[in-house]
Structures are given as structure tokens and as C-alpha cells.
Amino acid sequence: MQLETQEKVRRRRRSGSKPQRSSAPGQNPHLYVPYITRKIPPYDLLGDEGLSQIEAACDRILSDIGMEFRDDPEAVDLFRKAGADVTPVAQNAWNLRFEPGMVRDLLKTAPARFTQLARNPEKSVEIGGDATVFAPSYGSPFVMDLDQGRRYGTIQDFENFVKLAQSSPWLHHSGGTICEPTDIPVNKRHLDMVYAHMRYSDRPFLGSITAPERAADSIEMCRVLFGESVVDQNCVIMGNFNTTSPLVLDGVTTKGIREYAAAGQGSIHLPFLLGGAVSPLTMAGACAQSLAESMVSCALTQLVRPGAPAILAAFLSSMSLRSGSPTFGTPEPALGSLVMGQLARRLDMPLRCAGSFSTSKLPDAQAMQQSMMSMMSAIQSGGHYILHSAGFLDGLLSMSYEKFVMDTDMCGALHAYLNGFEVNQDSLGVEALAQNGPGEHLFGTDHTLRHYETAYWDSGLNDDQPFETWDEQGGIDAASRSNQRWKATLQTYEAPPLDIATDEALKDFMARKKASMTDMWY
């Protein structure tokens, strides 16, 4: 597969014409971009004193309590040689403690911004700095829609969501495990998932992380798709890794991290912190713990291969202390996300943060209210890679077809929000008022005619008609409109072209891998 240099791609993006608007709602071609370049500043919630206290607490966690590593003596040895204090605590388990400043020093070689290539060079994304990337939700075992309700996900569902993501101009990344394809054996499904991203999307994607050999398979499939030399010199795939909170990194995780880093590929390092269960209830404490766990996980990549792309990450969650159930889309974690953005900027590292979180069981008002609280915190935090941008429902247990449509429409609005607005003589619009004078409408003025197509974001989903018109047309609500939309999108979907020989080589790789192992269902 031939790839252009990034500079050639950037030049063509600057000089290329924009898609033209059709008569259908929700087009907004002036907002189409391979990734967002934000033009509004992130929000700084805390001052230097508060941030310094959180960083000092992080240092205390790492120096006084430490992190436990399990089942990966090679990772432990890398940290030992770098200066960590290593104490065996059980068979194949070690406590690692780090002097203040040690982990930060290791992270100095991590890039502040990097490019993840797509097989279509026009859709490569940049992560870090002023770039923002939206990706679908990740990891749900169930899917749901208004017709069939909640059910286990299948490979057909997985492919459908890849196609829906590819069809939306408001997502920039194909994501990873959009839903679990439970009809394929556990030890083989990673092959089908990675292939689905390669075949049905031409955007960047995530690979498998559930076992080191599956991580290796994901990278090897990229060598087939992109070519070995391209993979050796560029980030073409990333893995999304979770710590085992509180303060544990297991061997499956660290071996997978090492696999991606050794190949020069990207990785995301996420503590999933449920307040009161695996982290302090208070947001300051959760931020300190999240920073500690993510920093150590990121540092492992730099010990393996300095300069390997690594993304600091935070998933802060509240919980109902009456029932013990997670609660998503609440204000306290939203505030915590703002602070994690500040901490990431002080480290000069890219950040994955928050997303469209909800515990609602339907694509309803609760779903969108919670999602907006959480998603806006990701936007205002300055988050660079925003996983869970579309489809998240049922506390991440379910991927919803209808909510996917609703969320992607909102992602379109966020393109306009992050674009800010210019202040100049033309945008001030005094001439629009002067042209016809007081008491006259502005519909036909030169200023209005120049700007009417691009002045406002246009929703592809909302019904903004008068009540009477809406009622006469059947009174269809947003969830029902979304149901119609995802079906129509799949009916008209066309896969992006893929070289036939490359496609056959990928299928051959998958067939040989599957034939080499017996099925495992758990």
C-alpha cells in the first residue's frame, strides 16, 4: 500500500475544495475535517497551588505506596534498571516504588503530539496539541435498538457500527472494540474485529489488547495493510490499556503495552476509577491516583522504546452509595476531567478523557443529559482523543444504534463549537444593518447571502419545525428518527476501496491464525 508523506497530505488538505452542501439537512461541509483543530482554549479550573498539591499527592502515592506489578518480570526489570525500588510481595508479584520526579523524567521522551496514519492518507489524525479526535464507544458486550431491544453483540453488529462510524463526517477514528462479537470465539474474534476496521473503514483504528499475542496479531495485520516499512516508521495502530485499580498493573496489560511500544505503535493508558470502590470518593484524590497509575503505565512504553506514542488517560466515575452502582454523566467527574486536562498539559502529553457517558437504558432525555455533561467536560478539558463519543448507553454495557446517531449529530455541533468565531470587519456585520436601515429585515442583504450557508451548524437529526407541522407529519420523536436514520445509512453504505491483493492477504493471515488454534469461548 502506497502512502503519501504527511506534508503532501497537509498541502492537499489546504488547497483542496470543500464538499458542496446538498438540500438535505445536516450537511455542514464547511466543518468537514480529518480531525478538529480547536480554536477555543481549554478551561483551567484550578490554580497552580491546587495542581501542585495533586501532583505532590501523586508523588506520595508512587513513593510511599507504590504500584503492584504481576506476572511480567521483564517489565519489572526495566523499571528496576531505571531506578525503581522493587520488593517481591508474592510469587510473580512485585511492589514498585518511585522517587518523586522519576516517572516524570521517563515521560520526557514521549511525544507531545503524533500522527496516526489511516489507510486513506486524507483521514490520518493528529493527537495532541490543539488537535481533537472523536472515536466511537468501546467495549460493550450488548447492543440494543428500538426494534430488537437489548441482546448480545455479534460480528454483524460490530461491522454495522464500523460502517455507521465511517459514514459520519463527525467521527475521525474508527475506534476499537465497538461491541463484543460474542458469536466468534474469544481467542479468534480480535482478527475479525481488526479486519472489519480495515475493510469497512479507511480511518485510523485501535487493535486488540486482551492478550499479548493478540496485540502482536493486530500489528502484523497492519504490516499486511500498510507495508512493513510504513509500520516500522509510523504509528498506524494503537492499543487501549487499563490499569487494574487501585494501583495494579497485571502481566497481560504490561506485556501488551510492551508489544505495541516495541513496534513503535501508540498506546492509551487508562485507570477506570469508580469513586469509593477503587479510588477515593473525592475528585482531588481520584485525580492524584489517576495521574499516578497512568503515568507509570505510560512510562513503561518509554523504557521499551523512547519516543513511542503514549496517551495519558482518565476515566473518572461516581457511584450511587445507596446501591453501589456506577453513575455516569454526573458533575463531579466532569470537574475532575477538567483538572486532568490541566495535569496533562503540565506533563506535555496527549490526553484521553471522558466521552458521552450515560447509565440510561434507552436513548432518551436522561441519556443525552448525562452524555452532554460528560462530553462537554472532555471538550473543555482539552482532551485530544475522545473515545466513547458515540453509542454509549446502559453504563457502557450496551452499544445503542439510536444513541450512536444522536451522539454523532452532537459531535457535528461540537465541530462548530470548537471552531470558535472570528472577529473582523466582515463578521461584525455592521454593513448588514446599514444596507436597508432601521426597521428592515436582513434576509436579502449581501452579508446574509454571503454567510447563510456557513453561519450556523445545521442538525441532521433535530426537528425544528412548528408543532403543527411536526404533529401532522406523525409526531416522530428523536429516538424514532434515529432508528430510521441508522437503517437508511446502512442501506446506502459503500465500503471504501481496498486493494484486492491486500484484502486476500489479510484473509489468508486470518485463516492461518484461526487454523492454528482451537476455539476458546471464555
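Which backbone nitrogen does a side-chain oxygen of D499 reach at the start of α19? I found that this oxygen comes to within 3.2 Å of the backbone nitrogen of A501.

Before going further I noted that this is a predicted model, in which local features need pLDDT of at least 70 and side-chain atom pairs count only at pLDDT 80 or more, while totals for chains, interfaces and linings use all residues. Residues are numbered from 1 along each chain as its sequence is written, and side-chain values use heavy atoms, with hydrogens and water left out.

Entry on α19. I looked up the helix itself (a DSSP run of H or I, at least four residues, numbered from the N terminus, as are strands, which are runs of E of at least two): α19 spans residues 500–515, and its 16 residues reach 22 Å from first C-alpha to last, close to the 22 Å expected at 1.5 Å a residue, where the expectation is 1.5 Å times one less than the number of residues. I then listed T502, D503, L506, F509 and M510 as buried (under 20% relative accessible area, with exposed over 50% and partly exposed in between, for a 1.4 Å probe and protein chains only). They lie on the same side of α19, because they cover an arc of only 125 degrees around the axis, taken from the directions from the helix axis to the C-beta atoms. On the other side of α19 I found I500, A501 and A515 exposed. The cover over the buried residues includes α6 (189–200) and α7 (212–226).

Entry on T359. I placed T359 in the loop between β16 (351–353) and α12 (365–381), and noted that it is buried, at a relative accessible area of 14%. Its side chain makes a polar contact of 3.3 Å with that of Q366 (a pair of N or O atoms within 3.5 Å; within protein, one must be able to donate a hydrogen and the other to accept it, and residues adjacent in sequence count only if both atoms are side-chain atoms).

Notes:
Contact = heavy atoms within 4.5 Å.
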